[in-house]
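Hi everyone, thanks for coming. Let me put the sequence and the structure up, and then we'll walk through them together.

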There are 2 protein chains.
Amino acid sequence: MAHNRSDVLAHAVTLLDTHGLAALTMRRLGAELGVQPSAIYHHFASKQALLAAVADEILARGARPRTAAEWPDQLREVCSELRHAMLACTDGADVVATVWAFGLGAEAPVKEMEAILTSADVPDELVAVASRTLVHYVFGHAFEEQTARQAVSLGAVERSLESLPDFDLGLALVIDGLRARLHGAA
Amino acid sequence: MAHNRSDVLAHAVTLLDTHGLAALTMRRLGAELGVQPSAIYHHFASKQALLAAVADEILARGARPRTAAEWPDQLREVCSELRHAMLACTDGADVVATVWAFGLGAEAPVKEMEAILTSADVPDELVAVASRTLVHYVFGHAFEEQTARQAVSLGAVERSLESLPDFDLGLALVIDGLRARLHGAA
């Protein structure tokens, strides 16, 4: 039975969400779809290429309408969407952060933040640093939150989850730093 | 041949640094030391306990003297030490961030930042958020840098490494946010 690329990608996301990143192999994906691994490689040239497509699919599924008018709120929308998209899929933070580090995908959030800051007349040298700082913060927070929740849910560790809802507070701190820098430069 | 706990821990760090996190299993560690896995479990009750000890050893090996007098520079010392300690061992960022998320170890940097901010009379509600925001930023940046450098070094991906040296710039942005918050509250 033949599968097109989007069937294979959809099953890869389901496999990741159900069994975690360690289970997402070309061999297992082929076995679950009843095809040889070579049939998977026909659509995705490598494991990295598959992971990149999975990361972009995780982000696409998390897309929400944009409503904010001012740049600080626009940045919050992008960061919040990114966080929720990653948390919605098992090991999503690990996959998206890894693919972004590989330079193979998951570039939309940083590119959107760069566009927001450029439109707000933020100096070029600050646009790249601010966008990268925000995405590093989001990845760091989401990785902690997802790792902690998954491990507690599996009974692997016991820890309090009380500190985790501070995402917006930390995000506001980074945005305040950017605002201070702009006022200082003005 | 009997091994004490520190021998086993030292070999675990070497195994991690040489072959990466996927290779660090109780079975392999036992095989390389010429003992049954049960001998490893005698010193470390679980894989999570071993990982926690490895993370704390990575941080201990990266310890540097403290010289800064003012809180912003003191925070920079802690964050910079944490980053360098993680980057010095293969998959160090992944291991340290995971253990911290488990709540099983790697707590020294956050505790030290909390102490610095408390000594600087930062309001309690900001101490925890600021320390967590800084550590999330450091983890996010170090995870990208290490993942990118390791993948490029293995020939697994091709990407520019030019953006990676911006660690201090992003850190300064977060610290500026904290400074702005303190001035605003004063």
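Okay: A:Glu81 is buried, at 13% relative accessible area. Keep in mind, by the way, that what you're looking at is a predicted model.

So who does A:Glu81 pair with? Its side chain meets that of A:Arg66 in a salt bridge, 2.7 Å from N to O. The two sit in distant parts of the chain, 15 residues apart: A:Glu81 is in helix H5 of chain A, residues 71-87, and A:Arg66 is in the loop between helix H4 (47-61) and H5. A:Arg66, at 34% relative accessibility, counts as partly exposed. As a general point, side chains of opposite charge can pair when their charged atoms come close.

Let's zoom out to chain A as a whole. You'll find nine helices there and zero strands. The C-alpha trace spans about 60 × 40 × 25 Å along its principal axes. Of the 186 residues in chain A, 52% are buried. And if you take the contacts between residues at least 6 apart in sequence, 66% of them join residues at least 24 apart.

Now, how do the two chains meet? On chain B, 39 residues are in contact with 39 residues of chain A. Between them the chains bury about 3200 Å², and 66% of that is on carbon and sulfur atoms. Over on the chain B side, B:Arg132, B:His136 and B:Leu173 lose the most area to chain A, together 20% of what that side buries.

There's a polar part to this too. We count 14 residue pairs in polar contact between chain B and chain A, both residues at pLDDT 80 or more. Which elements of chain B give two or more residues to that side? They are helix H6 (92-102), helix H8 (124-153) and helix H9 (167-185). H8 of chain B gives the most, with 14 residues. Sort the residues on that side by type and you get 21 nonpolar, eleven polar and seven charged.

On to the salt bridges. The count over all chains is 24, and six of these bridges cross the interface of chain B and chain A. One crossing pair is A:Arg132 with B:Asp166, at 2.6 Å, N to O. That pair belongs to a network of salt bridges linking A:Arg132, B:Glu144, B:Arg159 and B:Asp166.

Which residue of chain B does A:Asp176 bridge to? That's B:Arg181, with the closest N and O atoms 2.8 Å apart. A:Asp176 lies in helix H9 of chain A and B:Arg181 in helix H9 of chain B, so the pair joins two chains. A:Asp176 is buried at 17% relative accessible area, whereas B:Arg181 is partly exposed at 28%. A:Asp176 also forms a salt bridge with A:Arg179, closest N and O atoms 3.8 Å apart. Those two are both in helix H9 of chain A, three residues apart, about one turn of the helix.

Last stop: B:Val95, in helix H6 of chain B. B:Val95 is buried, with a relative accessible area of 2%. Leaving out residues up to four places away in sequence, B:Val95 touches B:Leu16, B:Leu21, B:Leu51, B:Val54 and B:Ala55. Thanks, and over to you.

Key:
Residues numbered from 1 in each chain as written. Chains lettered and ligands numbered in written order. Predicted model: local features only at pLDDT ≥ 70, side-chain atom pairs only at ≥ 80, totals over all residues. Heavy atoms only, no water. Contact = heavy atoms within 4.5 Å. Buried area = accessible area lost by both parts, 1.4 Å probe. Salt bridge = Lys/Arg side-chain N within 4 Å of Asp/Glu carboxyl O. Polar contact = N/O pair within 3.5 Å; in protein donor to acceptor, adjacent residues only side chain to side chain. Helix = DSSP H or I, 4+ residues; strand = E, 2+ residues; numbered from the N terminus. Nonpolar A, V, L, I, M, F, W, Y, C, P; charged D, E, K, R; others polar. Buried < 20%, exposed > 50% of the residue type's maximum accessible area, 1.4 Å probe, protein only.
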